[in-house]
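Visitor: I would like a guided tour of this structure, one question at a time. Where shall we begin?

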Amino acid sequence: MTPEIGHFALALALAMALVQSLLPMLGAARGNLLWMQSAKWSALGQVFFTAIAFLALLQAFVTSDFTVKNVVENSHSLKPMLFKIAGTWGSHEGSLLLWVLILTVFGAAVSVFGTNIPEQLKARTLSVQAWISVGFFTFMLFTSNPFDRVFPPPLDGEDLNPLLQDVGLAMHPPLLYIGYVGFSIVFSFAVAALIEGRVDAAWARWVRPWTLAAWLSLTAGIALGSWWAYYELGWGGWWFWDPVENVSFMPWLLGTALLHSAIVTEKRDAFKSWTILLAILTFSLSLLGTFIVRSGLLTSVHAFAVDPERGLYILGLLAVSIGGSLALFAWRAPTMEPGGIFKPISREAGLLINNLILATATGIVLFGTLYPLFYEALTGGQKLSVGPPFFDAAFIPIMLPLVVVMGIGPFLSWKRADLPGVLQRLRFVAVLAVLATLLVWYVVRGGPVLGYLSILVAIWLFAATLKEWATRIKLFDAPFTESRRRARNLPRAVYGMSLAHAGLAVAMFGFIGSSVWKSEQIIFVEPGRQIEIAGFDVTFEGLERVRGPNYVADRGTLTVMRDGQFITELYPENRYYPVAESNTTESAIRSTLAGDLYASIARPASAEAGAGGALTLRILYEPLVNFIWIGSVMLVLGGLFSLSDRRLRVGAPTRGTPQRAAGPARVPAE
Amino acid sequence: MVRALAAIPFLIAVIFGGFFLWGLDPDRDPNDIPSVLISQAVPYFALAQVEGLQTASFGRDDLMGNPSPVIVNVFASWCVPCRAEHAVLTDLVESDGQRLFGINYKDKPEDATRWLAELGNPYERIGADSTGRAGIEWGISGVPETFIVGPDGTVLYRFVGPVVGNDAVADFRQALVQAGALENEAGG
């Protein structure tokens, strides 16, 4: 019964969305306040019914209701409860339901919290948001109903991929989706602004918190996914330039550009069409991500089951939403009046460079991801694959200049800046960065020039960010109490920027250390075998069989010594899940700030293979890898700080008045 | 001018859409790797000996005029699945009397020598493809890959990935039977 209630609730939500996609839009055109305000109730109704549908599916998973096809395919009665719950969004249909749930939550949030947004803009935005909902509700109801029943019901489920039984991964899709879908609101705002034909500083300010919220969720989602790959896959890497990773990375890159260009629109009333375009494209790339993972267009390690009919439906959806909004852009954008002018050396110009580089980087990733498809189409079926060598060679060299500019940008003033003066102030930072890099070279020796160059740039960014903060609070230039007062009064958005910029520098240390100075050993394991890696002496003590809730595992014991001193023991496992008939590796990791010692055991595919079925042991030392996670946390915290800035909460911006937000210290703030 | 500029994103999106529509053809399998070399002559390559190894060098000439089909295996000491596959190949040579040639792909001679010393050397000839040039000629997509080459130097079969596990080994043996390098084992 409950699944049918869920199905019915979905249909009702679609009805709500249909009303909301028309009525408020018409109301805005005719100036009918009642019609415009109906958006609030239909948005809340959509959330209500979608939540009922989601809870119905959740209930089916929690109680292991094997009359529901989706539960049969993605759950098992022996699975731990946490992963039964996570199974709700583990499948194509379930994840789609989560997707629309988040979509409707965002719509309702705008209708409830967006009290300072003018009625017309709000009504149009919510209507556009409802168009997206309609697309996804019909997609689910027509091609991917999560509540399909099976008869006769099987005795037990077919399990979720055991690889995916991981807490990090259970949380990964929800966060990623909050990011993807969060950009839908920005998209709706952009389309509404195009329909309205006006974009101004106030518009940019209303959009900003939504962009920030989406961006920080996406950051957390990507970081979690990468963390999962690192801990779970047992390959000892955190980024593989896999299509599925790339499609989540592209909205992030472009969303980062949007975050910065929206600042210019907010403060200086410039970059208007560009900000609108970025808003459209960022969400388009999110949709593309959803599409590519489900359509079988590209090969990937972690794609959903493929169905051409679904692919066609999503392509149609994409054509309408992306094609439609870009056509609208082509039609309306030229009529938008240009805003504030600025000199080639100014904060605007700095942010322009940021935007150009980020957009180019997005283009590179997009091109590399889709090139196999283009190539196959143009050559009539010949295949190739684009891998890390391309991305490393194309992506890294253009990102390094961005990081250099990131160090300088925050020092520049709006409209016209004094670059020599800024460089003068940064000369100690530059000297410090060079000295620190030389020190690293002296200690480490060896390694490619690009590695040292990257370190130089990362140290530069970190130091320049600190220096910028110190300048703002006049550290050492004013009495300490004065600095403390200034530090307390700085807007939170400023702290957000400093944290996020420093976070990127910190994450860079991790990227560089763990990719350039990684060491790796692969051996057949025999008890008593010893190897040396990165100064550690590792001894393989032996193997034992252990039993888990729904798997059996071979667990190895490794003793790690350094200079004759006992450091730790590691227990990597190779698990076998009988129900799913598949293996996973559970790597054992000794984590320190200096680096991770990482061990994983792999079993050759058959017992007859290898020397008597010997296991292979893979030991890696990944220097500084934890800085990636620390840096990611700093990026997310930076976003949270910025989001909690009071100018986004109070000081309700209104059109027509000059933008002077509440808050002291009106230094350029973001 | 501005108008044309504003239309560019739309045009790009339309082009992308065309490609996606093409890509959704249900007959298209993105996981399928076409074997362009099948029933074609072996590409030209001539590889030097692996330094420090007694095994003779390997080139296209060694694949011409053999009395029966032979196996060509692309391997590397840095390739983990190759280790597992090594035992299967050794077994084919020692128990079934197959002739095995090796292309040592993008490897360091000292690593390859140590690897073969540790696991044994079932290869009749090994060519050192330190630059990966021969690998490109053969069109390999990764390591290991294994080919069956007929007496006239025609590529008869290609196996992508390690020949490891019951199914894979059965497939490969079946291909050897079809090529005429192995007696049909269905009876015995």
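## Helices, domains and strands

Guide: This is a predicted model. Start with helix α2 of chain A, residues 33–62. Its 30 residues reach 44 Å from the first C-alpha to the last, close to the expected 44 Å.

Visitor: What span does helix α12 of chain A reach from its first C-alpha to its last?
Guide: The helix covers residues 347–379, which is 33 residues. At 1.5 Å a residue, 48 Å is expected. The model comes close to that, at 46 Å.

Visitor: Where in α12(A) does the kink lie?
Guide: The kink is about 50°.

Visitor: Which residue follows α12(A), and what is its phi?
Guide: The residue is G380(A). Its phi is positive, near 70°.

Visitor: How far apart are the end C-alpha atoms of helix α1 of chain B?
Guide: This helix runs over residues 2–23. It has 22 residues, so at 1.5 Å a residue it should span 32 Å. The model agrees, with the ends 33 Å apart.

Visitor: At which residue does α1(B) bend?
Guide: The bend is about 30°. A proline, P9(B), follows within four residues. P9(B) is also one of the buried residues of α1(B), together with A6(B), A13(B), F20(B) and G23(B). The bend is at I8(B).

Visitor: Which helix supplies the largest share of the side of domain 1 of chain A that touches domain 2 of chain A?
Guide: The contact takes 25 residues from domain 1 and 26 residues from domain 2 of chain A. On the domain 1 side, α4 (81–87), α5 (92–113) and α6 (119–143) of chain A each supply at least two residues. The largest share is 10 residues, and it comes from α6(A).

Visitor: Is E573(A) buried or exposed?
Guide: E573(A) lies in strand β6 of chain A. It touches A553(A), D554(A), R555(A), E586(A) and I601(A), leaving out residues up to four places away in sequence. The cut-off is 20 or more other C-beta atoms within 10 Å. E573(A) has 21, so it is buried.

Visitor: Why is strand β6 of chain A largely enclosed by the rest of the structure?
Guide: The strand covers residues 573–577. It has five residues. It is largely enclosed because four of them are buried.

Visitor: Which residue of β7(A) stands opposite N574(A)?
Guide: β6(A) pairs with two strands described here. With β4 (residues 552–562) of chain A it is antiparallel over four bridges, and A553(A) stands opposite R575(A). With β7 (residues 582–586) of chain A it is antiparallel over five bridges. There, N574(A) faces T585(A).

Visitor: What is the bridge partner of R590(A) in β9(A)?
Guide: Strands β8 (residues 588–591) and β9 (residues 595–602) of chain A pair in the antiparallel sense over four bridges. A hairpin of three residues joins them. The partner of R590(A) is L597(A).

Visitor: Which peptide bond is cis, with omega near -5°?
Guide: Most peptide bonds are trans. Look in the loop between α6 and α7 (167–196) of chain A, where P152(A) is found. The cis bond runs from F151(A) to P152(A).

Visitor: Is L624(A) buried or exposed?
Guide: L624(A) sits in the loop between β10 (616–623) and α19 (626–643) of chain A. Its phi is positive, about 60°, although it is not a glycine. It has 24 C-beta neighbours inside 10 Å, so it counts as buried.

Note on methods. Residues numbered from 1 in each chain as written. Chains lettered and ligands numbered in written order. Predicted model: local features only at pLDDT ≥ 70, side-chain atom pairs only at ≥ 80, totals over all residues. Expected span 1.5 Å × (residues − 1). Contact = placed C-beta atoms within 7 Å. Buried ≥ 20, exposed ≤ 12 C-beta atoms within 10 Å, placed from the backbone. Pairing = 2+ DSSP bridges. Bend = angle between axes of the 7 residues up to and from the residue.
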